[in-house]
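Trainee: I would like to learn how to read a structure of this kind, one feature at a time. Could we look at it together?
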Protein chains: 2
Amino acid sequence: MSLSIDRDKFQAADKPTLYKQIRLDIERRILTGEWPPGHRIPFEHQLMTRYGCSRMTVNKALSELAQADLIERRRRAGTFVRRPKFLSAVLTIPDIRAEITSLGRSYGYQLIRSSRRAANAADRIRLGISKTGKVVAISCRHSADGVPFAIEDRLIDLDAVPEAATADFAIEPPGTWLLHHVPWTEAEHSISAIAADEQIAAALDITIGAPCLVIDRHTWRSARTLTAVRLVYPGESHKLVARFKGG
Amino acid sequence: MSLSIDRDKFQAADKPTLYKQIRLDIERRILTGEWPPGHRIPFEHQLMTRYGCSRMTVNKALSELAQADLIERRRRAGTFVRRPKFLSAVLTIPDIRAEITSLGRSYGYQLIRSSRRAANAADRIRLGISKTGKVVAISCRHSADGVPFAIEDRLIDLDAVPEAATADFAIEPPGTWLLHHVPWTEAEHSISAIAADEQIAAALDITIGAPCLVIDRHTWRSARTLTAVRLVYPGESHKLVARFKGG
DNA sequence: GGTGATTTTATGTATAGACATATAGACGCG
DNA sequence: CGCGTCTATATGTCTATACATAAAATCACC
């Protein structure tokens, strides 16, 4: 079962306007290898002759390709096909509640622990902040059709997110609340595998030592830490799926 | 230690040209919540008055924001701030050899098994192909500074990648060879956690039952399967890192 | 009031022209 | 040859204008 769906860059089949035709044409040549990495793409001047249009039209097509990182443009030098991309994929981790309900399964939520406290040393390290301040610490469990789905262990910096003080996390999962109330600009995910300890095994109803998939996520807004969360999934039955569509 | 680095969308601090100023200004208002999701952004007509420029300049700024999925534009209706994005991140999985050497560690490679054969039923399922054809099956191990880093188990469809028949995978890892010789257009990753079986434990020098991080990757070119690979990493010591930078 | 045709309007695409700017390559000089 | 300077040039940005197009709003009609 897929824990996460990919965010396909939806390619609406819109009317092939001129600049889009040019973009697709160049894209095709790059992806088929006709124009290999490092190859110099014809100058805008030449392309406008080839396609019989103005330079601005060619420029729009090339600008979009540059924004998509397929080509590199250097003043005076020209435009070049970029070195082969790393295998990269858009990994989408939606809100767990939305994920479960969108699969047509019933969503369950249990708040295990919730406390408000001054940040201790461990909290400060985990949040990457230096000064002491108040934090909210939450442990909870998500389940699908009554079966444990994931456990969540979260810290929220109350200085950065003061509204979290009044939210009721007994009803709404903190991830869902944050997604709808707090805009973020940067996030980092660290994915690893661990063996279930006694506590995790009990919460997820699996055996001690069973492999678990772990996602540690740190979220910022403009370099300011908002929240740090660890999500633990039973590893054997769940998968993260990330898909890349070139073009 | 990080198994994978993120591909930061490098934001060169370039001269703030007018359209970029407009783009950043609107971006800021969206990210700070001043213009919440659903809010209608002033018409191009109004923005060109506000910023004292032509409509094309405003249009360029808005077009880029639309391409970045921060806003939605509808003819006649106007331009709107989009609903909050899913937590998404660019997950980058570079070539393992490049990954290890870029960290300044010595790369080691051992070919465990390599065979060419007609695709059997299991191979066809794994590659998602229907007709029988020749495939190459490779098992190998990557190590860093002499320590097992990952094991790789790969199938290559020889009909789609005939050049693979002449490549010498005793010297060059198949992933590296493919990256440099075969262009691809689509890839799907499935990430999970498993317990090491006897074979994995022996190859990675870990105990049986130890958690491992597994990446199953399937790669296509224009809907044609090229290769399917399973990478198994010791889970406790390795992490996949994916970072998202908004904007 | 409902329904279909018409108008209005904001965005989408395209153009020709202009000037800015970074820089590869040529040039000159010691 | 090494090094700084100049120049040609490809891309970067911006303008004013034009027409296309989709869809919201209005109107006409039954």
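Trainee: Which element supplies the largest share of the surface near DNA strand C?

Mentor: Before answering, note that this is a predicted model, in which local features need pLDDT of at least 70 and side-chain atom pairs count only at pLDDT 80 or more, while totals for chains, interfaces and linings use all residues. Residues are numbered from 1 along each chain as its sequence is written, chains are lettered from A and ligands numbered from 1 in the order in which they are written, and side-chain values use heavy atoms, with hydrogens and water left out. A residue is near a strand if one of its heavy atoms lies within 4 Å of it, and helices (H or I, at least four residues) and strands (E, at least two) are DSSP runs numbered from the N terminus. Here the largest share of the surface near DNA strand C, four residues, comes from α3(A).

Trainee: Which residues are the closest to DNA strand C?

Mentor: DNA strand C is surrounded by 24 residues, of which A:Leu18, A:Thr57, B:Arg55, B:Arg73 and B:Arg76 are the closest. Of the atoms of DNA strand C that come within 4 Å of the protein, 67% belong to sugar and phosphate.

Trainee: Which polar contacts can I look for at DNA strand D?

Mentor: A polar side-chain atom of A:Arg55 lies 2.7 Å from a base oxygen of DNA strand D, and one of B:Thr57 lies 2.4 Å from a phosphate oxygen of DNA strand D. The largest share of the surface near DNA strand D, four residues, comes from α3(B).

Trainee: Which way do the residues of strand β3 of chain B point?

Mentor: In a regular strand the side chains alternate between the two faces of the sheet. In β3 (residues 78-81) of chain B, B:Gly78 and B:Phe80 point one way and B:Thr79 and B:Val81 the other, and all are buried, where buried means under 20% relative accessible area, exposed over 50% and partly exposed in between (1.4 Å probe, protein chains only).

Trainee: How many bridges pair β2(B) with β3(B)?

Mentor: Two strands pair if DSSP finds at least two bridges between them. Strand β2 (residues 71-74) of chain B and β3(B) are antiparallel and share four bridges, with B:Glu72 opposite B:Phe80. They form a hairpin with three residues between them, and B:Arg76 in the turn has a positive phi of about 70°.

Trainee: Where else is phi positive in a residue other than glycine?

Mentor: Most residues other than glycine have a negative phi. B:Asp69 has a positive phi near 75° and is found in the loop between α3 and β2 of chain B. A:Asp145, with a positive phi of about 55°, is partly exposed because its relative accessible area is 45%.

How values were computed. Polar contact = N/O pair within 3.5 Å; in protein donor to acceptor, adjacent residues only side chain to side chain.
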